[in-house]
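Work through the exercises below with the structure open. Try each task before reading its solution.

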Number of protein chains: 2
Amino acid sequence: MTKKIITVSRQFGSGGRTIAKKLAEKLGYDYYDKEIIEKVAVESGFNADYVAELGENAPGKTTFSYGFEAQGVPGIMNGMSALDFLWCIQRKVICDIADKGRPCVIVGRNADYILRDRDSVLNVFIHADEEFRKDRIVRLYGESDVKPEKRLAEKDKKRKSNYKHYTDGEWGYSTNYDLCLDSGRLGIDKCVEIIADLAK
Amino acid sequence: MTKKIITVSRQFGSGGRTIAKKLAEKLGYDYYDKEIIEKVAVESGFNADYVAELGENAPGKTTFSYGFEAQGVPGIMNGMSALDFLWCIQRKVICDIADKGRPCVIVGRNADYILRDRDSVLNVFIHADEEFRKDRIVRLYGESDVKPEKRLAEKDKKRKSNYKHYTDGEWGYSTNYDLCLDSGRLGIDKCVEIIADLAK
């Protein structure tokens, strides 16, 4: 059966986003990555940078702001934390994208879990060893004061905590995905080829 | 680069063994599954059924027998538990198979970890959802007094504990393998095709 929606979850620096982008081009599918952040920003009223920062964050490690209006009347956030509010909006945005029925590739944002009960979804996880990912983030995003291994660990820890909190599952555990690929060992283009073949 | 050794780890009932067998036939590779148990039995002096039962068992849940000889002189097991002794023999048997240099497929027995530092090894993990696996074990191994879901859970719990104990890693976690495939969603033959293509 043709897979109309492909979700690509990925370790930071694994090239998962590049794989997703190339895959969408190869298959002629719509591509959603930063587009989701922009949609969430519009629907939530938050700044896009704030959404990008918080959207894969770990609860408990962030600034909570509760959306109560004055005089004890609940506001639009209905007493939820900013993170929970963003999760709800993000979930709605991803479901809306799926409901459109157009074939697409969606990067990150726990879309594998959000769309888990839908047919014709292919869930992919991309990972690679630390050396491959360190080299990649320095080449793509440049040096920083923080050591590359720390940047990798911090980012993936956030994604793992976020996934655990909202799905009660383990981010990166094989059974959550239809296939998991080591992009460092198999190569970016080979990963694209395997996934594209499965989507047909 | 051609992958000369393919290790196939698998959830119970996922069809991992069938995939490994078909893969070996397709590629013309040697195939090691029960053959490892027989070699370990010969080298350890234990009965093959005992090796099969203990070899993927979880430490602490089994009968420990220490190989001390009389008069305080250490015996062949050198004071190790039967399980640790079997692990050492099993490790040696798998390294010997790899040292032969003949292309092969090895099923289970933590071979992915044992051969982790060797070149040209492709590590695969096969999994599937509970329904697929329940149906499969009942068809293949028949009914039993124990419910299928319990049989699945017990077997996989043992493999997980054994892996944790001897490798300090998490059995089935994506980053331990080059690729992980859901045989229920992708199909047995498609899994064989993907792995065979990667081995070339």
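**Exercise 1: a helix and its faces**

Task: in this predicted model, find which residues of helix 6 of chain B are buried, and work out how they are arranged about the helix axis.

Solution.
1. Take buried as under 20% relative accessible area. Arg133(B), Lys134(B), Arg136(B) and Ile137(B) are the buried residues of helix 6 of chain B.
2. Look down the axis of helix 6 of chain B. Its buried residues fall within an arc of 165°, so they line one face.
3. Recall the general rule: an α-helix has 3.6 residues a turn, so residues three or four places apart point the same way.
4. Turn to the face directed away from the buried side. Glu131(B) and Arg139(B) are exposed there.
5. Ask what covers the buried residues. The cover includes helix 1 (16–27), helix 7 (148–167) and helix 9 (188–199) of chain B.

**Exercise 2: the helix from end to end**

Task: describe the span of helix 6 of chain B, then its N-terminal cap and the residue that follows the helix.

Solution.
1. Helix 6 of chain B covers residues 130–141, which is 12 residues. Its first and last C-alpha atoms are 16 Å apart, close to the 16 Å expected.
2. Asp129(B) caps the N-terminal end, with a side-chain oxygen 3.3 Å from the backbone nitrogen of Glu131(B).
3. Gly142(B) follows the helix and has a positive phi, near 85°.

**Exercise 3: the nonpolar core**

Task: which residues touch the most other members of the largest nonpolar core?

Solution.
1. The largest core has 48 residues, and Ile6(A) and Ile6(B) touch the most other members.
2. Set aside neighbours within four places in sequence. Contacts of Ile6(B) then include Leu23(B), Leu27(B), Val124(B) and Ile195(B).
3. A second, separate core has 27 residues, among them Phe46(B) and Trp87(B).

Terms used. Residues are numbered from 1 along each chain as its sequence is written. Chains are lettered from A and ligands numbered from 1 in the order in which they are written. This is a predicted model: local features need pLDDT of at least 70, side-chain atom pairs count only at pLDDT 80 or more; totals for chains, interfaces and linings use all residues. Side-chain values use heavy atoms; hydrogens and water are left out. Helices (H or I, at least four residues) and strands (E, at least two) are DSSP runs, numbered from the N terminus. The expected span of a helix is 1.5 Å times one less than its number of residues. Buried means under 20% relative accessible area, exposed over 50%, partly exposed in between (1.4 Å probe, protein chains only). The arc is that of the directions from the helix axis to the C-beta atoms. Contact means heavy atoms within 4.5 Å. A polar contact is a pair of N or O atoms within 3.5 Å; within protein, one must be able to donate a hydrogen and the other to accept it, and residues adjacent in sequence count only if both atoms are side-chain atoms. A nonpolar core is a set of buried Ala, Val, Leu, Ile, Met, Phe, Trp, Tyr and Cys residues joined through side-chain atoms within 4.5 Å.
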